[in-house]
Amino acid sequence: MPRKAREYPEEGEFVVATVKSIHPYGAFLKLDEYPGKEGFMHISEVASTWVKNIRDHVKEGQKIVAKVIRVDPSKGHIDLSLKRVNQQQRKAKLQEYKRAQKAENLLKMAAEKTGKDFETAWREVWVPLEEEYGEVYAAFEDAAQNGMEVLQGLISDEWIEALKPIIEAYVEIPTVTIDAEFEITVPKPNGIEIIKEALIRARDRANEEREIEVKFSYQGAPRYRIDITAPDYYKAEAVLEDIAEEILRVIKEAGGEATLIRKEKRIKKVKKRGS
């Protein structure tokens with residue numbers, strides 16, 4: 001089970017917790033990511049509406065995402081809230097937790113290769129990577145995308161060597177794809193050839209960057225669709241702006257017209273296996 005490097009959670013943090021016991025006034029929960037730590041959730045923090053019976057909202061053994069509202073390490077007190085967690089926050093936390101589980105499984109594989117136990121791996125790899133990246137799987141993604149050198153100085157060369165084939169085989173790099181359309185006309189006998197040349201030049205220039213992939217497709221005169229896949233939304237948008245500027249310039253010089261049509265933003269996450 002993934003666990004944090006810190007001993008106690010911070011106020012405002014979202015945690016995965018298991019309901020341990022339920023009482024008329026509230027519930028005690030085991031913090032899954034903080035071994036040996038329990039939190040208390042008062043009945044007033046269970047739901048935004050009046051709660052007649054707390055068991056209508058939580059059950060023993062149930063896993064929930066809760067928000068930490070108070071922490072007192074001197075007394076060992078951790079106060080939690082369920083009603084202060086919205087659906088988007090819950091989803092994001094569960095996704096983070098799943099990523100931590102993946103990272104833990106990969107680290108166990110590396111520990112087995114080195115002949116070390118997981119406690120040693122956790123201390124020598126998990127702790128420094130979490131402190132640097134915030135989460136260990138993000139460190140593995142960075143290594144998959146930019147090379148194992150990014151982990152140098154954070155963990156030993158022995159661990160880097162053990163993790164390298166594992167990261168290459170199992171870590172997928174998340175990317176974002178956006179799309180738009182160009183409306184292009186060139187009123188000349190060779191207008192189609194001019195348009196194709198402009199699109200190919202813009203595509204090839206963008207594709208020179210290893211982490212960027214640009215595709216054009218014909219939608220029916222005079223529309224052409226563009227799909228841009230990049231590591232993140234902001235880079236994809238920047239590439240789209242550069243391509244649009246280049247296409248508009250070339251088509252205008254050729255005596256034609258080009259318009260970028262921004263459809264409703266549609267961002268989809270695709271996975272590209274690291275190599």
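Leaving aside neighbours within four places in sequence, Lys 30 is in contact with Val 16, Ala 17, Thr 18, Lys 20, Lys 37 and Glu 38. Contact here means heavy atoms within 4.5 Å. Lys 30 is found in strand β2 (residues 26-31). Its relative accessibility is 36%, so Lys 30 counts as partly exposed. Buried means under 20% relative accessible area, exposed over 50%, and partly exposed in between, with a 1.4 Å probe and protein chains only. Lys 30 and Leu 151 lie 121 residues apart along the chain, and their C-alpha atoms are separated by 33 Å.

The model is predicted; local features need pLDDT of at least 70, side-chain atom pairs count only at pLDDT 80 or more, and totals for chains, interfaces and linings use all residues. Residues are numbered from 1 along each chain as its sequence is written, and side-chain values use heavy atoms, with hydrogens and water left out. The mean pLDDT of the chain is 90, and 95% of its residues reach 70 or more. pLDDT is the predictor's confidence in each residue, from 0 to 100. Over residues 264-275 pLDDT stays under 50. For this stretch the model has 37 contacts beyond four places in sequence. Where pLDDT is low, the predicted coordinates should not be read in detail.

Helix α3 (residues 136-146) has 9 of its 11 residues buried, so it is largely enclosed by the rest of the structure. Helices (H or I, at least four residues) and strands (E, at least two) are DSSP runs, numbered from the N terminus. The buried residues of α3 are Val 136, Tyr 137, Ala 138, Ala 139, Phe 140, Glu 141, Ala 143, Ala 144 and Gln 145. Their cover includes α1 (87-114), α2, α4 (157-170) and β6 (172-185). Just after α3, Gly 147 takes a positive phi of about 100°.

Helix α2 (residues 118-133) packs on α3 at an angle of about 85°, with the axes 8 Å apart. Axes are lines fitted to C-alpha atoms, for helices over the stretch in contact, and angles run from 0 to 180 degrees between N-to-C directions. α2 and α3 are therefore roughly perpendicular to each other. Angles under 35 degrees count as roughly parallel, over 145 as roughly antiparallel, 65 to 115 as roughly perpendicular and the rest as oblique. From α2, Trp 126, Leu 129, Glu 130 and Tyr 133 meet Val 136, Ala 138, Ala 139, Phe 140 and Asp 142 in α3.

α1 and α3 pack at an angle of about 65°, again with a stated axis separation of 8 Å. That makes α1 roughly perpendicular to α3. Arg 99, Lys 102, Ala 103 and Leu 106 in α1 meet Val 136, Tyr 137, Ala 138, Phe 140 and Glu 141 in α3.

Helix α5 (residues 191-206) and helix α6 (residues 233-253) pack at an angle of about 150°, with their axes 10 Å apart. The two helices α5 and α6 are therefore roughly antiparallel to each other. On the α5 side, the contact residues are Ile 194, Ile 195, Ala 198, Leu 199, Arg 201, Ala 202, Arg 205 and Ala 206. They meet Val 239, Asp 242, Ile 243, Glu 246, Ile 247, Arg 249, Val 250 and Ile 251 in α6.

A cis peptide bond joins Ala 221 and Pro 222, with omega about 5°. Pro 222 sits in the loop between β7 (213-220) and β8 (223-230).
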